[in-house]
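Trainee: I'd like to go through this one with you, a question at a time. Please stop me wherever a term needs its cut-off.

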Amino acid sequence: DGRNQTVMFDTLEDWRGELERTKGNVKYKVVTTNEGYVVSDKLPLYFVVPICVSEESILKYEGRGIPIWCWSCHNGAALLKMSAFPKEQDDIASQTQKAFLDGIYKTISKPPYELLKMDDLSSSLPSLQDIQTAYTKFKQLFLIDNSTDFWATDVKWFSLLESTNWLEIIRRVLKKAIEVAECLERQQTNVLLIEESATDLCCVISSLVQVMMDSYSRTKSGFQSLIQKEWVIGGHGFLDRCNHLHKSDKEEAPVFLLLLNCVWQLVQQYPPAFEFTETYLTVLSDSLYVPIFSTFFFNSQHQKDTSMSGESLKTQSGPFRFLTVWDWSVQFDPKAQAFLNNPFYAEKPKLDKSQRKTARFKHQRQLSLPLTQGKTSMKRGFFREETDHLIKNILGKTIGKFINSSDELPNSFREFYDSWHSKPVDYHGLLLPRIDGPEIKVWAQRYLRWIPEAQLHGGGTIATTAKILDLMEEVRSLQEKMDEERSQAVSGDVHSVPMLRNSSRLSSLFPFALLQRQSVKPALPTSTWKDLEDEDDLVKRDDEFVDLSSD
């Protein structure tokens with residue numbers, strides 16, 4: 001089944017397939033104008049634009065000022081992005097470009113296209129410098145040398161965490177994604193995201209919107225295809241933003257990590273909606289810094305193509321082949337890979353042909369809003385919720401500012417947000433993250449996994465998961481025995497889930513932390529487990545890089 005394959009988006013067929021899947025091929029087309037990188041080496045070889053946009057327009061300013069298609073909603077509204085013109089220019093150039101943009105806007109604002117809403121992300125979201133500063137401060141909270149320092153900082157944990165501004169940035173990004181989703185879903189308006197290069201915050205918002213609105217992007221292969229489309233082929237500068245070569249700190253910014261932190265919020269708020277787990281997101285974030293993969297190593301498709309075709313990379317057997325991060329067998333054996341798949345994923349029921357016609361584009365959750373704003377549901381108290389679940393204080397480390405709905409959010413946004421949250425969740429429909437107060441949490445598994453003091457042995461969600469996985473294994477085993485009785489042998493390899501017997505021996509940060517205090521190496525093999533054997537010394541390391549080689 002093609003839906004279980006990661007789409008790489010490096011061919012014309014891949015883009016045509018995505019247009020067909022989203023029903024966007026009526027108003028949008030794939031263009032080959034940049035073959036041979038004749039337009040720009042920053043653009044991919046193939047991309048999608050409105051049908052009415054001419055080849056001359058694309059060539060005129062090296063692709064700047066051209067609305068590039070990201071995704072189409074079920075109602076026909078589309079999400080677009082645009083690389084803006086530089087702000088500092090002389091008057092003549094500025095006027096010419098303004099006239100060019102006016103022509104483009106007029107063309108795509110009339111039928112068959114929907115109304116157009118433009119959103120300049122450089123003015124409505126934090127700058128890359130702000131994001132980098134916040135993350136640098138945030139990261140320092142987890143780079144602790146010894147147990148004394150851990151307990152000293154734990155006393156003022158909430159004030160330290162709030163002062164980094166990292167969770168507030170995550171909240172603002174999620175809020176922006178909800179605003180875009182409201183325009184597409186409720187107002188049936190096209191949204192054009194504008195940014196200087198359209199390869200940083202545009203990638204974050206467009207990816208988040210698709211994860212929230214398209215259940216295919218919440219499957220493992222769908223999410224990987226989304227990363228390929230918006231980030232890898234879309235031209236995010238991984239080499240500069242991750243500072244892989246340690247040449248200059250000026251361009252460094254954790255933009256992709258910001259996306260993964262936002263997606264993690266959704267995964268932990270709505271676990272059955274995702275085919276993958278938080279462990280999948282954690283190892284994906286680690287893979288960002290493993291240099292054997294080409295996926296997150298280059299600034300653009302052009303840079304990758306020219307690097308791979310260089311003479312220095314020729315070998316006796318032909319051109320050098322980079323590995324893709326999506327082949328998880330390179331890093332993990334089948335047993336370890338099982339931790340990447342969510343056993344509680346609510347798979348989409350397959351409809352027969354008669355049902356498909358009636359249920360095709362309808363969400364279970366109706367989004368029609370009342371004429372008058374209803375009473376908003378009472379928010380659960382921060383302290384009551386925290387005392388009910390003490391583990392959140394220790395591991396979840398929840399914090400956030402209570403926001404005044406009348407000051408912070410426009411009425412239409414608040415109405416949309418509250419109306420959605422007042423109804424039951426359809427795990428295959430639209431998902432809106434909860435962004436009020438302490439709903440925005442720290443990604444505990446990623447950031448606390450090397451700190452033994454932060455572990456709860458026999459606690460955390462893993463204790464519950466362990467028991468359920470054991471039950472699933474027992475059911476699978478009984479089913480296998482029944483099948484064997486019906487026939488001579490069971491054909492094919494039976495998919496199994498990892499065995500997690502005796503949940504009291506597990507750490508709340510499993511599978512990265514030790515199985516028990518005196519113990520053996522963790523279930524996901526990394527070189528770090530050796531460092532954890534002496535528990536008096538905390539791990540001295542940057543939280544970003546993980547050596548995933550087995551010993």
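Trainee: Where does tyrosine 37 lie?
Mentor: Keep in mind that this is a predicted model: local features need pLDDT of at least 70, side-chain atom pairs count only at pLDDT 80 or more, and totals for chains, interfaces and linings use all residues. Residues are numbered from 1 along each chain as its sequence is written, and side-chain values use heavy atoms, leaving out hydrogens and water. Helices (H or I, at least four residues) and strands (E, at least two) are DSSP runs numbered from the N terminus. On that basis, tyrosine 37 is in the loop between β1 and β2.

Trainee: Is tyrosine 37 buried or exposed?
Mentor: Its phi is near 55°, a positive value in a residue other than glycine. For burial we go by relative accessible area with a 1.4 Å probe and protein chains only: under 20% is buried, over 50% exposed, and in between partly exposed. Tyrosine 37 has 17% relative accessibility, so it counts as buried.

Trainee: And glutamate 62, buried or exposed?
Mentor: Glutamate 62 sits in the loop between α2 (55-60) and β3, and its phi is a positive value near 55° in a residue other than glycine. Its relative accessible area is 54%, so glutamate 62 is exposed.

Trainee: Which elements do the buried residues of α1 pack against?
Mentor: In α1 (residues 12-21), the buried residues are Leu12, Trp15, Glu18 and Leu19. They cover an arc of only 130° around the axis, taken from the directions from the helix axis to the C-beta atoms, so they lie on the same side of α1. Glu13 and Glu20, on the other side, are exposed. Counting heavy atoms within 4.5 Å as contact, the buried residues pack against β1 (28-31), β2 (47-50), β3 (68-72) and α10 (220-232).

Trainee: At roughly what angle do the axes of α8 and α12 cross?
Mentor: Axes are lines fitted to C-alpha atoms, for helices over the stretch in contact, and angles run from 0 to 180 degrees between N-to-C directions. The axes of α8 (residues 166-185) and α12 (residues 255-269) come within 10 Å and cross at roughly 75°.

Trainee: Why are α8 and α12 called roughly perpendicular?
Mentor: Angles under 35 degrees count as roughly parallel, over 145 as roughly antiparallel, 65 to 115 as roughly perpendicular, and the rest as oblique. The crossing angle is roughly 75°, which makes α8 and α12 roughly perpendicular.

Trainee: Which residues of α8 and α12 make the contact?
Mentor: From α8 come Trp166, Ile169, Ile170, Val173 and Leu174. The partners on α12 are Leu258, Asn261, Cys262 and Gln265.

Trainee: Which residues is phenylalanine 142 in contact with, leaving aside its neighbours within four places in sequence?
Mentor: Phenylalanine 142 lies in the loop between α5 (128-140) and α6 (147-155). It is buried, with a relative accessible area of 7%. Beyond those neighbours, its contacts are Trp157, Val442, Tyr447, Leu448 and Ile451.

Trainee: Which residues does the cis peptide bond with omega of about 5° join?
Mentor: Look in the loop between α3 (91-108) and β5 (116-120), where proline 112 is found. The cis bond joins proline 111 and proline 112.

Trainee: What percentage of the 551 residues count as buried?
Mentor: The protein has 22 helices and eight strands. The buried share of its 551 residues is 52%.
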